[in-house]
Amino acid sequence: MTYYSEELKDEAVKAYLADPEASEQDIAMIYGISQTTLSRALAERGHKTLSSYKTSEEHLMLTYLKAKGVISLAGLSQRI
């Protein structure tokens, strides 16, 4: 796993936002990071929503469990 500094990711995000013509792939290549890293950096900074981490159904299930006070696997195990 490659670690990219937050400063590098910040610079790439700023460059992407400053150039509406550039694709994520273009900016990622310029900064030497993966497109996935740039995409996640955009999401972490509130500029993009990524739905590929969990499905809507999974999100609803997690929201329901959290509302019931289940916030960890250990908590879920105790209730089953």
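Which helix gives the most to the lining of the largest pocket? Helix α3 (residues 35-44) does, with four residues. Helices here are DSSP runs of H or I with at least four residues, numbered from the N terminus.

Before the tour, two notes. The model is predicted, so local features need pLDDT of at least 70 and side-chain atom pairs count only at pLDDT 80 or more, while totals for chains, interfaces and linings use all residues. Residues are numbered from 1 along each chain as its sequence is written, and side-chain values use heavy atoms, with hydrogens and water left out.

**Stop 1: the pocket**

Select M1, T2, Y3, Y4, K9, T37, R40, A41 and E44, which line the largest pocket. A pocket is an open set of points on a 1 Å grid over the protein atoms alone, where a 1.4 Å probe fits, with protein on both sides within 12 Å along at least five of seven lines; lining residues have an atom within 4 Å of a point. Its volume is about 180 Å³, counted as the space filled by probe spheres set on the points, which are joined across faces, edges and corners. The lining has four nonpolar, two polar and three charged residues. Ala, Val, Leu, Ile, Met, Phe, Trp, Tyr, Cys and Pro count as nonpolar, Asp, Glu, Lys and Arg as charged, and the others, Gly among them, as polar.

**Stop 2: α1 and α3**

The axes of α1 and α3 come within 10 Å and cross at roughly 85°. That makes α1 roughly perpendicular to α3. Axes are lines fitted to C-alpha atoms, for helices over the stretch in contact, and angles run from 0 to 180 degrees between N-to-C directions. Angles under 35 degrees count as roughly parallel, over 145 as roughly antiparallel, 65 to 115 as roughly perpendicular and the rest as oblique.

Show K9, A12, V13, Y16 and L17 of α1, which meet T37, L38, A41, L42 and E44 of α3. Contact means heavy atoms within 4.5 Å. Seven of these residues are nonpolar, one is polar and two are charged.

**Stop 3: α2 and α3**

E24, Q25, I27 and A28 of α2 make the contact with Q35, L38, S39 and L42 of α3.

**Stop 4: α1 and α2**

Select L8, E11, A12, A15 and Y16 in α1, where they meet E24, I27 and Y31 in α2.

Definitions and conventions:
Helices (H or I, at least four residues) and strands (E, at least two) are DSSP runs, numbered from the N terminus.
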